[in-house]
Amino acid sequence: MIEEHPALSTGYHALPPGKIATIVTFLQMHARPAVRPVRDPGAFAWTRWHPASLDEYRALFRKVGEYWLWESRVVMPDEKLNAILTHPQIELYTLQDQGRPVGLVELDFREEAECELVFFGLVGDAIGKGAGRFMMNQAIETAWSRPIKRFWVHTCHLDSPEALSFYQRSGFTPYALKVEVLNDPRLTGLLPRSAAPNVPVIDP
């Protein structure tokens, strides 16, 4: 849930050098929504994934998320990441397109009666072909096959411009906003400067 904090004052707030900020929207659903149609599901396969190694996991994480400045699992210490990926209440899935992994989904059931959609994304060349709808339908079905009362997710303006409306069409309803400040991973060399071209790189 969202913790309480004093409200930010109205107006502009300067960021320290090397930082970027984003508005994060939290969304939730409390019941299984109606299934939305998929354009052509024939080529797609939803597969439970057990990565052979952390390197294998991070490679797909980068392919899916680098453009959107996903960096959390790249910098996370190996021991902590391995504990997450091997936790019995966390489930990883990939979307396969004719045998090629093109999507990544992580479902977290650690909170009683809840599921968090932690990560949901596609590689660039799979976007716009119906893969996202197929993958979301599978994620919703998988989450609600468990005895949960709430399924939730968050997105931000660093994600695809279509992400927020896609989640809402999928049955999620916004319930909170937060401001997130983070180190710009393009300045640290963690991600290439070409990542997230919609967000300018401000050199310190």
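How far is the sulfur of Cys-156 from the closest cysteine sulfur, and which residue holds that sulfur? The distance is 19 Å, and the partner is Cys-115. That is too far for a bond. Keep in mind that this is a predicted model.

A disulfide needs the two sulfurs within 2.5 Å. So the count for this model comes to zero disulfides.

Are these cysteines buried or exposed? Cys-115 is buried, at 0% relative accessible area. Cys-156 counts as buried too, at 17%. The cut-off is under 20%, so Cys-156 falls on the buried side.

Next, the nonpolar cores. The largest one has 50 residues. Which members touch the most other members? They are Tyr-57, Val-105, Leu-117, Phe-151 and Tyr-167. Helix H4 gives the most to this core, with eight residues.

Take Leu-117 from that list. Leaving out residues up to four places away in sequence, Leu-117 touches Val-105, Glu-106 and Leu-107, among others. Its contacts also include Met-136, Phe-151, Trp-152, Val-153 and Tyr-167.

There is a second, separate core of 13 residues. Among them are Trp-152, Leu-158, Leu-182 and Ala-196.

Let's stop at Leu-158. Where is it placed? Leu-158 sits in the loop between strand S6, residues 150-156, and helix H5, residues 163-169. Although it is in a loop, Leu-158 is buried, with a relative accessible area of 5%. What does Leu-158 touch, beyond residues up to four places away in sequence? Its contacts are Ile-20, Thr-22, Trp-68, Leu-69 and Val-199. Look at Val-199 in that set. Leu-158 and Val-199 are 41 residues apart along the chain, and their C-alpha atoms are separated by 7.6 Å.

Last stop, back to helix H4, which spans residues 131-144. Thr-142 lies in that helix. Is Thr-142 buried or exposed? Thr-142 counts as buried, at 13% relative accessibility. With residues up to four places away in sequence set aside, Thr-142 touches Trp-46, Glu-91, Tyr-93, Leu-107 and Phe-109.

To recap. The count is zero disulfides. The largest nonpolar core has 50 residues, and a second, separate core has 13. Leu-158, a member of that second core, is buried. Happy to take questions.

Definitions and conventions. Residues are numbered from 1 along each chain as its sequence is written. This is a predicted model: local features need pLDDT of at least 70, side-chain atom pairs count only at pLDDT 80 or more; totals for chains, interfaces and linings use all residues. Side-chain values use heavy atoms; hydrogens and water are left out. Helices (H or I, at least four residues) and strands (E, at least two) are DSSP runs, numbered from the N terminus. Buried means under 20% relative accessible area, exposed over 50%, partly exposed in between (1.4 Å probe, protein chains only). Contact means heavy atoms within 4.5 Å. A nonpolar core is a set of buried Ala, Val, Leu, Ile, Met, Phe, Trp, Tyr and Cys residues joined through side-chain atoms within 4.5 Å.
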